[in-house]
Amino acid sequence: MDRKEEVILEVNHLTIEFHDHDTPERVVDDVNFVLHKQEILGIVGESGSGKSMSALAIAGLLKRHALSLSGEILFDGTDLLTCDRERLRSYQGDEISMIFQEPMTSLNPLQRIGHQMEECLRIHHKEMTKKERYDRAIRTMTAVGLDDAEKLYRMYPHELSGGMRQRVMIGAATIARPKILIADEPTTALDVTIQAQIIALLRKVNVKRETAILFISHDLSLVRQLCHKVIVMQKGRIVESGITEEVFEHPEQPYTQALIEAIPKVEL
Ligand SMILES: Nc1ncnc2c1ncn2[C@@H]1O[C@H](COP(=O)(O)OP(=O)(O)OP(=O)(O)O)[C@@H](O)[C@H]1O
Ligand SMILES: [Mg+2]
């Protein structure tokens, strides 16, 4: 593994509580981890363990009115929880971007693929001309494995397969070369062959674009294939973390052992 040990994201004591009931509900509890440049970090854990909430907090996508957020999320040294909104907005989608499980819900059905590919450039790179944006979109679409990019550019999401839509999402999320890509269950809705292609694509983005990736998945065999390090969450807390191979070979917690034992053996 040849990568620089430069820290790109440092999460310290991240705690998230909901206040929409009488007693506050703590869904993320004192989470600490570091993501290095060009690293792929997996987050695993049972449903409801706080993986998505942590990811959304880092991406700056949590609505703050019903919850409290505390701790620090240091991106390139800036605390995303306390920096001004303008600064935060300048990072969102540009330096830190996120993809989700079902691309159909994140893509706008009424807008052409090309328009959606270029969204981040329109928001964050106003200096670019229309022609520059178009060229970048076509190049990015080709890079994420979408053939015939000129034709796809004019198409609508419903005209694409699920796998192609996820490629569009990855392209749109990485068109501005973010430093961090957060992928929350990006392959769960796809069949196994397409899953493998998307995993290969994420690995390519990581290596070629030098993008660090936070990869959230229920599929531990995918995490084992893709991630350099892994953290295991249970009830909002990190219960185990380390180099992926070490955690899988020698899990310390019975909870981690149980998660690993639940992997279908045929995959390994
Ligand atoms: N609006 C809300 N009010 C109170 N609790 C909430 C709210 N939204 C989510 N939660 C709770 O936050 C906890 C963590 O949810 P989160 O979505 O992070 O889990 P997850 O680990 O991503 O699970 P999954 O694997 O199913 O995606 C869950 O227990 C959930 O019920
Ligand atoms: Mg989730």
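Tutor: Glu17 stands opposite Arg26 in strand 2. Strands here are DSSP runs of E with at least two residues, helices are runs of H or I with at least four, and both are numbered from the N terminus. This is a predicted model, in which local features need pLDDT of at least 70 and side-chain atom pairs count only at pLDDT 80 or more, while totals for chains, interfaces and linings use all residues. Residues are numbered from 1 along each chain as its sequence is written, and chains are lettered from A and ligands numbered from 1 in the order in which they are written.

Strand 1 (residues 7-18) and strand 2 run antiparallel and are joined by eight bridges; two strands count as paired if DSSP finds at least two bridges between them. Four strands make up the open sheet, in the order 2-1-4-5, with antiparallel pairing. Its edges are strand 2 (25-36) and strand 5 (78-79), each of which pairs on one side only. Helix 1 (residues 51-59) packs on this sheet and touches strand 1, strand 2 and strand 4 (67-75), its direction making about 120° with that of strand 1. Contact requires C-beta atoms, placed from the backbone, within 7 Å; axes are lines fitted to C-alpha atoms, for helices over the stretch in contact, and angles run from 0 to 180 degrees between N-to-C directions.

Strand 2 also contains Asp30. The phi of Asp30 is near 55°, a positive value in a residue other than glycine. Most residues other than glycine have a negative phi.

Technical notes. Contact = placed C-beta atoms within 7 Å.
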